[in-house]
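Please look over the model below before reading these notes.

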Amino acid sequence: MEKRVTFKGWLLPLLLIAPQLIISGIFFFYPAGQAVFQSLYIPDPFGLSKQFVGLGNFEYLFSDKYYRASFVTTALFSLLVTLASMVPALFLAVLADRLIKGSGTYRTLLIWPYAVAPAVAGVLWLFMFNTRVGVVSWYLGQLGYDWNHVLNGDEAMGLVVIASAWGRISYNFLFFFAALQAVPRSIIEAAAIDGARFWRRFFTIVLPLLSPTTFFLLVVNVVYAFFETFGVIHTITSGGPQQSTTILVYKVFTDGFVAQDLGSSSAQSVILLIVVGLLTVLQFKYVEKRVHY
Amino acid sequence: MIKPTALALAVATAGVSLTASAQTEIEFWHAFTGRLGELVAAQVEDFNTKNPDYKVVATHKGNYSETLNAGIAAFRAGEQPDILMVFEVGTATMMAAKGAIKPVYEVMEESGVAFDPDSYIGSVKGYYTTTDGKMLSLPFNASTPVLWVNRDALSGAGIDPDTDLSTWQNVEVVLNQLKAAGHECPLVTAWQSWIHLENYSAYHDVPFATKDNGFAGVDTELAFNSEAQVAHIAKMGEWAQDGKFIYTGRRNEGGANFRAGSCALFTESSAGYAGISSEAKFDFDVRPLPYWDGVGNAPQNTIIGGASLWALAGQTDEEYKGVGEFLAYLSSTDVQAKWHQDTGYLPITAAAGDATRESGFYTEKPGTDVAVIQMTAKAPTANSKGLRLGSFDQIRGIIDEELEGVWAGDKSAQEALDSAVERGNQLLRRFEQANR
């Protein structure tokens, strides 16, 4: 049965949600409003003057075929990062869940990568795959494979995906592991008595029961791939070769903070905001229907 | 928790130290770390000892882009430093920001220090001077691209290490020989746009952009997709496909390969001297940047890269006087000559170059004057004075992307340069609009 608390009057509930409202206002609505406002202008970097251009910044962006192409790059990148961070995490969580002894040690070790900052993770992976001194690229060379992410766009994409997903595996692992612990043993044991083997039990019982967690992680990881990965891209590829790893948020960052084109950068962040907003709505509308709480 | 008495004491001593020093503090933000950072710190310390009225405080603010951004953000907050180091790519941005800067010639005039604009080397100061000859910022560290040669690699491939490499025609012969001898990295480069398009254009006296490369107005358009540049990029693309030119990245990543001895020829800034001379365990040479014999008016002169010092607006007269003193100190012959010899950067005054020659430095370390000669042998033309293009950091990014298409064999040189020009022109139009 649902529990419902009713308040008498407005003051107390308002007071209770005030901290959240204030934080959202200061850290989201105010800057987002600024971005929308600035996206209508072409300002000079020093803030000395600005030209009102209406939707000119948006027109300029959408007439650029490279900008349009970066939507596809972003979609591919986000899909790959989400998959590469969730599937191994689930696999590891299932393995750790089956352990009777020492699962604490595994858990701790698996969580460590999450503590590494994205830019640092980028440098680590770059070092391993460096075309000249990298350990991994050296072994690949021994196997007769010439690794060169500096010119090969697919390899560059692969590398930034791995570097971005790596730290997230820990985060996802933690949630999957907790969710697995919450799956009632009795159901699994009942299924086992009925003769269901491990993988059958996993797909018909465990996975559906994990669906709220999976859904939550899906939303969170997509948002991560869209917004928080520019540090990795900046350190590893700077968006190259050509434009093969230029995702939307990286272009926001470079146009705004490297090139000081604040008008275009603001317009891009508004577009990004809309894209991610729509994506989240879609996820809640369609994917959530398949989630059993 | 700090005890009230301790706090009071701290406040009191802070107050005392403030009043005790009648010095004017000059804030100087720069982008140098490592050895260069130490050399700057030494200059500042020397100036402070010699000028007790002023105290220059030098602060490292990250790489070139980060330093410029820190300066801009500080200006917006009204807390800008007195002197900001800005890389050459940011020059047009600074020049357009009339209310944010105080031109160096004004600073010098008002501070009353001796200042003779003619004592600076034309091709160095030209980059930072208006068309009517007014110096807006002081060139600080200026370098130009040269050819670095691993002599051991040449002899290893059976090539005379003293062979003439002054033209790309000759270089091509050597690249073929190196390749035939099984060398894995015949040619590598740093800063591809700067060396193989910007300097290439100046060196062959062909325009990089219209309106005198942007010096004559912000309504300039890019022009580096003409025959001369396309031919060079096409050749480089061919070499990349044949494994004679190895692409290592957009910045100076190739330096590590060259210093480790794995590459034979390396086109890089003359300022690579400090790193190469300290790390290379092989016999190396500095040669002038090669040119295509018969193309344009080559060899004209190459142009500079590096940074200059800008005085920012909104400071007191006292501080500007100190800025003037400091800039005059940096330009003085002894300081410049030492800087030039320590770093491989060009001397910014002719006197500093002469002093270095007289001291016997060039004969002692052969090749260190190659860059100076290459810059100053001929009076600069409208095509070789430098570049003054807005949003140039972004345009370089576009050029990098398009060139990568050529090196990977995805695009022809003509397609890539046409596309870079078209995309770059859009940015120039935006810049024109922002600074109308």
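1. Two residues are in contact if their C-beta atoms, placed from the backbone, lie within 7 Å. By that rule, the contact takes 21 residues from chain A and 30 residues from chain B. The helices of chain B that each supply at least two residues to the side touching chain A are α3 (64–76), α4 (91–96), α12 (254–259), α19 and α20 (413–434). Of these, α19(B) gives the most, with seven residues. Helices (H or I, at least four residues) and strands (E, at least two) are DSSP runs, numbered from the N terminus.

2. A word on the source: this is a predicted model, in which local features need pLDDT of at least 70 and side-chain atom pairs count only at pLDDT 80 or more, while totals for chains, interfaces and linings use all residues. Residues are numbered from 1 along each chain as its sequence is written, and chains are lettered from A and ligands numbered from 1 in the order in which they are written.

3. Within chain A, helix α9 (residues 198–227) packs against helix α12 (residues 262–287) at an angle of about 165 degrees, and their axes are 11 Å apart. Axes are lines fitted to C-alpha atoms, for helices over the stretch in contact, and angles run from 0 to 180 degrees between N-to-C directions. The angle therefore makes α9(A) roughly antiparallel to α12(A) (under 35 degrees is roughly parallel, over 145 roughly antiparallel, 65 to 115 roughly perpendicular and the rest oblique). From α9(A), the contact residues include A:F215, A:L218 and A:F226, and from α12(A) they include A:L272, A:V276 and A:V287. The residues of this contact are 10 nonpolar, two polar and no charged.

4. Helix α5 (residues 118–129) and helix α7 (residues 153–182), both of chain A, cross at roughly 135 degrees, and their axes come within 9 Å. That makes α5(A) oblique to α7(A). In α5(A), A:P118, A:A121, A:G122, A:W125 and A:F129 meet A:L159, A:I162, A:A163, A:W166 and A:G167 of α7(A). The residues of this contact divide into eight nonpolar, two polar and no charged.

5. Most residues other than glycine have a negative phi, and most peptide bonds are trans. Where are the cis peptide bonds? One joins A:G240 and A:P241, with omega about -5 degrees; A:P241 is in the loop between α10 (230–236) and α11 (248–258) of chain A. Another joins B:A298 and B:P299, also with omega about -5 degrees, and B:P299 is in the loop between β10 (284–287) and β11 (305–312) of chain B.

6. B:D212 has a positive phi, near 50 degrees, and lies in helix α10 (residues 210–213) of chain B. Phi of B:S391 is positive too, near 50 degrees; B:S391 sits in the loop between α18 (370–376) and α19 (392–407) of chain B.

7. Are these residues buried or exposed? B:D212 is partly exposed, because 19 other C-beta atoms lie within 10 Å, whereas B:S391 counts as buried, with 26 C-beta neighbours inside 10 Å. A residue is buried if 20 or more other C-beta atoms lie within 10 Å of its own, exposed if 12 or fewer, and partly exposed in between, with C-beta atoms placed from the backbone.

Methods
Ala, Val, Leu, Ile, Met, Phe, Trp, Tyr, Cys and Pro count as nonpolar, Asp, Glu, Lys and Arg as charged, and the others, Gly among them, as polar.
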